[in-house]
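The sequence and structure come first.

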Amino acid sequence: MKVIGNPTIQTPAIGIFGGTFNPIHFGHLRMAQELADALNFDEVRFIPAANPPHKNSLSISAEHRAAMVHLSIQNNTNFSFDDRELHRAGASYTIDTLLSLREELGMKASITLLMGSDAFTKFDTWHRWQEIIQLCHIALVQRPQTEANKLPNILETFLHNHYTEHSDDLHTTPAGFVTMRQVTALDISSTAIREAFKHGHSARYLMPDSVIEYIHAHKLYK
Ligand code: ATP
Ligand code: MG
């Protein structure tokens, strides 16, 4: 709760979680929940990518992927849905999303980008990646079955220069730190889920029932 007139003015701390979410699963949801708790976020915003630059030919429309994200998080008061990438033409670059979030939230809000280790190993290929850390913090989690120690040198240096283990650093500054947290390791991927649906296997207990029902109702991943 924010106390009006409190001399130590608290700015909100927001986590942002982007991905293709094709489809969303408990690996995504649990990781976001545990980071929200560990890092004390006021809110985690899920931002589905419309045209992710690193993935070609997505068979499932952005509207369906977004609808599944929406269904998954609607009962969680800490989670919110942000459709700004869906309304932007061209590739969905994180730098553009951050610039647009800064316009909305101002330069003082603490914004932390949530990321799995597999995504971070390719972070140096992201559009204007070195500017991203000027606009947000980054919170990393180790994703099971990915090799954490295979970081390119440039990212090792980046990590070293920005690393903190103190969650306070993320609250007292708007951007600039990278931290890592352990979360419950769930070896779940959208790729494996798509395969399961393709073969007529069940995806129960890997993702919310509401999303499974949505997939069946719209005959996705056949
Ligand atoms: P795909 O298999 O299609 O690549 P995915 O399961 O990897 O899908 P993405 O939408 O690519 O999901 O991932 C979005 C973000 O969520 C990335 O930062 C990724 O590292 C993270 N993530 C995905 N699955 C997990 C998981 N099981 N545990 C922790 N982080 C995850
Ligand atoms: Mg992935």
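Contact here means heavy atoms within 4.5 Å. The model is a predicted one.

Helix H9 spans residues 209–217, and its buried residues are Val211, Ile212, Tyr214 and Ile215. Looking down the axis of H9, these buried residues fall within an arc of 160°, so they line one face of the helix. An α-helix has 3.6 residues a turn, so residues three or four places apart point the same way. The face of H9 turned away from the buried side carries Glu213, His216 and Ala217, which are exposed. Just after H9 comes Lys219, with a positive phi of about 50°.

## The H2–H9 pair

Two packed helices are described by the angle between their axes and the distance between the axes. For H2 and H9 the angle is about 150°, and the axes are 8 Å apart. Angles over 145 degrees count as roughly antiparallel, and H2 and H9 are therefore roughly antiparallel to each other. The crossing of H2 past H9 is right-handed.

Which residues meet where H2 and H9 pack? H2 contributes His64, Ala67, Met68, Leu71 and Ser72. From H9 come Ser210, Val211, Tyr214 and Ile215. By type, the residues of this contact divide into six nonpolar, three polar and no charged. Val211, Tyr214 and Ile215 of H9 are also among the buried residues of that helix.

## Thr112 in strand S4

Strand S4 covers residues 110–116 and includes Thr112. Is Thr112 buried or exposed? Its relative accessibility is 0%, so Thr112 counts as buried; the cut-off for buried is under 20%.

Neighbours within four places in sequence are left aside here. Beyond them, Thr112 is in contact with Ile14, Gly15, Ile16, Phe41, His137, Ile138, Ala139 and Leu170.

## Gly19 in strand S1

Gly19 lies in strand S1, which runs over residues 13–19. Its relative accessible area is 22%, so Gly19 is partly exposed. Partly exposed lies between the cut-offs of under 20% for buried and over 50% for exposed.

Leaving aside neighbours within four places in sequence, Gly19 is in contact with Ile47, Pro48 and Ala49. How far apart in space are Gly19 and Leu151? The two are 20 Å apart, C-alpha to C-alpha, and 132 residues apart in sequence.

Notes: Residues numbered from 1 in each chain as written. Chains lettered and ligands numbered in written order. Predicted model: local features only at pLDDT ≥ 70, side-chain atom pairs only at ≥ 80, totals over all residues. Heavy atoms only, no water. Buried < 20%, exposed > 50% of the residue type's maximum accessible area, 1.4 Å probe, protein only. Helix = DSSP H or I, 4+ residues; strand = E, 2+ residues; numbered from the N terminus. Arc of directions from axis to C-beta. Axes fitted to C-alpha atoms, helices over the stretch in contact; angles between N-to-C directions. Parallel < 35°, antiparallel > 145°, perpendicular 65-115°, else oblique. Left-handed = near helix turned anticlockwise from the far one by under 90°. Nonpolar A, V, L, I, M, F, W, Y, C, P; charged D, E, K, R; others polar.
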